[in-house]
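I opened the notebook to look up two things here.

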Amino acid sequence: MKFTRYLWSSLLLVSISTAAKPVLPEAFQGRWNTTCQRVDDVDFMDMSDQVFSYWEEVCDVKANEVTSPTEISVHLHCRQNDGAEFETKPRYKIVNKQLVITNANAPSFSRIRCHE
């Protein structure tokens, strides 16, 4: 009986911790760049459920909000190559197969998805 209760509690904890992880819609996952001819340059970004990688920084996904299958808002904790750390909350949208940032006052950019 004790073993069964312990096993059930363990399964519940695993289930809760699994459910708490942010899930990024498939449409956003992968490598994005201004051109897919260059593998790594200042414009590339990789997006996954847990990490966003940019040219000189790596960001852990703390949370995300899926507004629609083509629009998200993410809360990121970022570390730059020089050791600086910061938090940011970018909003992204896919428009005409291009990734764009939709934050007010953010520099405009668009990226295309590069299939590996």
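Is Asn 105 buried or exposed, and what is its relative accessible area? I looked it up in the model, which is a predicted one. Asn 105 is exposed, because its relative accessible area of 81% is over the 50% cut-off.

Entry on Asn 105. I checked the backbone next. Its phi is positive, about 65°, although Asn 105 is not a glycine. I placed Asn 105 in the loop that runs between strand 8 and strand 9 (110–114).

Entry on Asn 96. I found a positive phi here too, about 50°, and Asn 96 is not a glycine either. Most residues other than glycine have a negative phi. I located Asn 96 in the loop joining strand 7 (91–95) to strand 8 (98–101). Asn 96 is exposed, with a relative accessible area of 73%.

Entry on the core. Which residues have the most contacts inside the largest nonpolar core? I noted Phe 28, Met 47, Phe 52, Leu 76, Tyr 92 and Leu 99, in a core of 16 residues. Strand 5 gives the most, with four residues. In soluble globular proteins, nonpolar side chains tend to be buried together.

Entry on Met 47. I left aside its neighbours within four places in sequence. Met 47 is then in contact with Leu 24, Phe 28, Gln 29, Gly 30, Trp 32, Phe 52, Ile 72, Tyr 92 and Leu 99.

Conventions: Residues numbered from 1 in each chain as written. Predicted model: local features only at pLDDT ≥ 70, side-chain atom pairs only at ≥ 80, totals over all residues. Heavy atoms only, no water. Helix = DSSP H or I, 4+ residues; strand = E, 2+ residues; numbered from the N terminus. Buried < 20%, exposed > 50% of the residue type's maximum accessible area, 1.4 Å probe, protein only. Core = buried A, V, L, I, M, F, W, Y, C linked by side-chain atoms within 4.5 Å. Contact = heavy atoms within 4.5 Å.
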